[in-house]
Amino acid sequence: MKKPSVGIVAIIAILAIFSEFVVPMVMSSAAQSQMRKVTKSDNLTVSLKSFPGLLMLTGLVNNVEIKAKEAYLGDVRSNDIEMQGKHVRVNVERLFRGNGFRIDAAERIDFKGDVTAKALEELINTKVKNVEAESVEVTPENVKVKAKATLLGKDLKIDFEGNILHDGNKLFLRAKNVSVKGVSVRDRIATRIFGDVVLYDFDRLKFPVRLQSVEHQAGKMHLTFTN
């Protein structure tokens with residue numbers, strides 16, 4: 001009687017270890033590896049937790065935590081990224097095939113990150129045609145850009161102030177107080193030249209989150225998302 005009992009206890013112990021340690025470790029490692037590739041980050045960490053751990057194999061994850069000192073959110077180089085997810089559904093088939101870590105649904109997701117003035121300069125140079133930003137300063141009030149541009153075949157020095165705003169999940173730049181070679185340009189003309197330049201559409205992240213706020217701070221933009 002004792003030997004079968006010991007065997008059953010051993011099997012239960014093995015299943016418990018597999019459920020509570022092996023499954024979370026393997027899935028967290030797979031998610032982290034794939035997220036690092038996508039975000040071009042070697043410091044990003046992913047932690048997945050569930051109780052019981054076997055729930056993860058069905059895609060049900062109680063808690064997701066993602067952190068990175070620096071990573072790319074699409075084309076946006078971001079710092080101090082943090083994401084907390086509660087009761088999320090992970091696309092397990094996609095994860096195990098190596099096609100990327102994807103959250104299909106969640107009860108709650110809070111996601112935040114910073115975009116520095118230097119990263120914003122890189123983004124503007126990538127997205128704004130015919131304008132090369134030479135310096136970008138972010139203040140709590142606005143963004144100040146010194147740039148050179150080619151207009152009608154001529155090289156021009158352009159200074160402008162603006163705001164980084166959002167419409168849904170789209171992050172865009174709205175220029176104002178534009179001066180060309182020290183001569184002020186009326187706002188309506190500036191709008192015709194620049195318009196609202198879309199810098200990035202965060203729908204491309206494939207996470208069920210919405211961009212809630214874009215806050216100008218000293219030297220950086222602070223972005224917050226939630227579902």
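Author: In this predicted model, rings of Phe, Tyr and Trp count as a pair if their centres lie within 6.5 Å.

Reader: How many aromatic pairs does the structure hold?

Author: A pair of aromatic rings is described by the distance of the centres and the angle of the planes. With the cut-off on centres at 6.5 Å, the number of aromatic pairs that the structure holds is four.

Reader: Which kind of pair do F101 and F207 form?

Author: F101 lies in the loop between helix 2 and strand 4, and F207 in the loop between strand 10 and strand 11, so the pair ties together parts that are 106 residues apart in sequence. Both F101 and F207 are buried. Planes over 60 degrees apart count as edge-to-face. Because the planes stand at 85 degrees, with the centres 6.3 Å apart, the pair is edge-to-face.

Reader: Which element gives the largest share of the lining of the largest pocket?

Author: The largest pocket holds about 290 Å³ of space, and among the 19 residues lining it, those closest to its centre include M35 and R204. Two elements give two or more residues to this lining, helix 1 and strand 2. The largest share, four residues, comes from helix 1.

Technical notes. Residues numbered from 1 in each chain as written. Predicted model: local features only at pLDDT ≥ 70, side-chain atom pairs only at ≥ 80, totals over all residues. Heavy atoms only, no water. 1 Å grid on protein atoms, 1.4 Å probe; cavity = no way out; pocket = protein on both sides within 12 Å on 5 of 7 lines; lining within 4 Å. Points joined across faces, edges and corners; volume = space filled by probe spheres on them. Phe/Tyr/Trp six-rings, centres within 6.5 Å; stacked < 30°, edge-to-face > 60°. Buried < 20%, exposed > 50% of the residue type's maximum accessible area, 1.4 Å probe, protein only.
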